[in-house]
Each structure stands twice: as structure tokens, then as C-alpha cells.
Amino acid sequence: MGIPDEIARMKKNKLITIRHGDDPPDDRVHSFALAMGLEPVVVKPFKGEPLDFDLSMVAGTVLYGGPHSVFETNKNPFLNDEAKWIETCLKQDIPILGICQGAQQIAYHLGAWAGPHKGGQHEFGYYEIHPANTGQTWLKESLTVCQAHFHTFDLPDGAQRVAGNEIFPNQAFAIGDNVLGVQFHPEVTIEGFRRWQNAKWANYGKPGAQTREEQSRLMHAHDAAMADWFGGVMRRLFSHQHPNE
């Protein structure tokens, strides 16, 4: 590697985090990025904030979850701007992590179906997922993870299934080494999930949703393992873009 290439790498320190709500940036994406020497840049296209960045400085991007149906682009035109950003990152080999709605957006952008579970099922709480026997190396053993969704997606062409469970068989997919979409929320801390439990949208009583007591029991039992796995994902996706890792 020559000196110009090394200088170019040193500039790639911004992690563009696309948010679909107003939760504070106290989640694991933010904290892991800082620990890796990256600068997490929060942008909210749903509030009109532009996705206008110097790509030479972008180490990767994260599309968060949210309340928006990914196919309602006429109702929520900012989703078209995010689709253009996804396309740009794919073309430029910029690493992408899609979380919940973000994973659905990647799949939908690549031509796959996304929408509500056809049986009306929800996952709200902590649920076990299992690694897919596809030769993938992202998830090596079953893991209990934070969930808050009732939409799902089909796998896009060229994607490798990473994880699933009985109710939602597509819980995670990868495209090459630079793109990972997860239906669940490994970024959410205990404090963050406590906010969700108290939110107006909390889907208690829906088919498949756990009680608050069950959520809290499973959260304390499995949060540390989920955080450990997610730290590895963050390093795998984004640290090779940064010269200090």
C-alpha cells in the first residue's frame, strides 16, 4: 500500500447513522463506534436532513429501525432518499448495517418483498434465533436477542441467510462481507429497552408479544451475550475501514 492510499484510509472515520426516531444516541452502535475511533454522525432524513456526505470520509453506514413501512414511499418520500443512499453505498463498497426497518429497506431496495407477518405475529421482547446452515460465519450458535417488530422480509437475490427462527425464518442476511441486515435489535441496551417498555407503541397483548415480566427476565439473562456478539459484528463490518484497528 502506498502513502496516498494510507492517507485516504485515515480520512474514513465517519459512521453515518440514519435514524427514524428521536431516541437519544445511547445505544451500542454509538458506543462501539466511539470505542473503535470512529465518529458517529446522526442524520434524520424523516426530518428533512440530507444524506450529503463526502464518501472519501465515510467508513460505513447504519440504518436504524423505525415505525415506517418500507414500501410506503409515496407517504414517506424520505425513504426514496435513503434508497439512493443504500444504492450509493452498495456501488462504492461502503459497509452497511441495517437494523429492523433498516434491514427491510435493504431487502426491499434489492427487489425483495417486505411487510407484515402474514399470520399477524409480533416479536416484542427477547427471542432466540438460530444460525442458518448456509456456510455463513456471522452467527455461530443460537442467540437470544432483543426484538420489536411485526414486519418481515424475503431474502433479496444474492443474499445469504444468516439466522432465523420458527415464526420469522429471515432474521438476518448478509451480502458479501460488507452488508448485514438484522431484523432484531442488538444495539439496544437495557436502559434503551426500558424506554421501549414504557412507550405508547409497546405492543403488549399482540400475538407473540411477551409480557413485561418475561421481557425483563430474559433481558437480564441474555443482554451481555447479545452485546458481545454485536461488538464482533461492529468490528467485522467497520474496523477494517479504520487504520487504528
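This is a predicted model: local features need pLDDT of at least 70, side-chain atom pairs count only at pLDDT 80 or more; totals for chains, interfaces and linings use all residues.
Let's start where two helices meet: Leu-79, Glu-82, Ala-83, Ile-86, Glu-87 and Leu-90 of α3 are in contact with Gln-101, Gln-105, Ile-106 and His-109 of α4.

Now consider how the two helices are placed. The axes of α3 (residues 78-91) and α4 come within 10 Å, crossing at roughly 75°. Angles of 65 to 115 degrees count as roughly perpendicular, and α3 and α4 are therefore roughly perpendicular to each other.

Stay with α4 for a moment. This helix spans residues 101-109 and is mostly covered, with seven of its nine residues buried. The buried ones are Gln-101, Gly-102, Ala-103, Gln-104, Gln-105, Ile-106 and Ala-107. After α4 comes Gly-111, which has a positive phi, near 100°.

From here, move on to the nonpolar cores. The largest one has 40 residues, and Leu-97, Leu-180 and Phe-238 have the most contacts inside it. Helix α6 (residues 212-238) supplies the largest share of this core, nine residues. Apart from this core lies another, of 21 residues, which includes Ala-107 along with Ile-16, Ile-94 and Ile-96.

Finally, take a closer look at Phe-238. Leaving aside residues up to four places away in sequence, Phe-238 touches Leu-15, Met-36, Leu-38, Ala-59, Gly-60, Thr-61, Val-62, Pro-95 and Leu-97.

Terms used: Residues are numbered from 1 along each chain as its sequence is written. Side-chain values use heavy atoms; hydrogens and water are left out. A nonpolar core is a set of buried Ala, Val, Leu, Ile, Met, Phe, Trp, Tyr and Cys residues joined through side-chain atoms within 4.5 Å. Buried means under 20% relative accessible area, exposed over 50%, partly exposed in between (1.4 Å probe, protein chains only). Helices (H or I, at least four residues) and strands (E, at least two) are DSSP runs, numbered from the N terminus. Contact means heavy atoms within 4.5 Å. Axes are lines fitted to C-alpha atoms, for helices over the stretch in contact, and angles run from 0 to 180 degrees between N-to-C directions. Angles under 35 degrees count as roughly parallel, over 145 as roughly antiparallel, 65 to 115 as roughly perpendicular and the rest as oblique.
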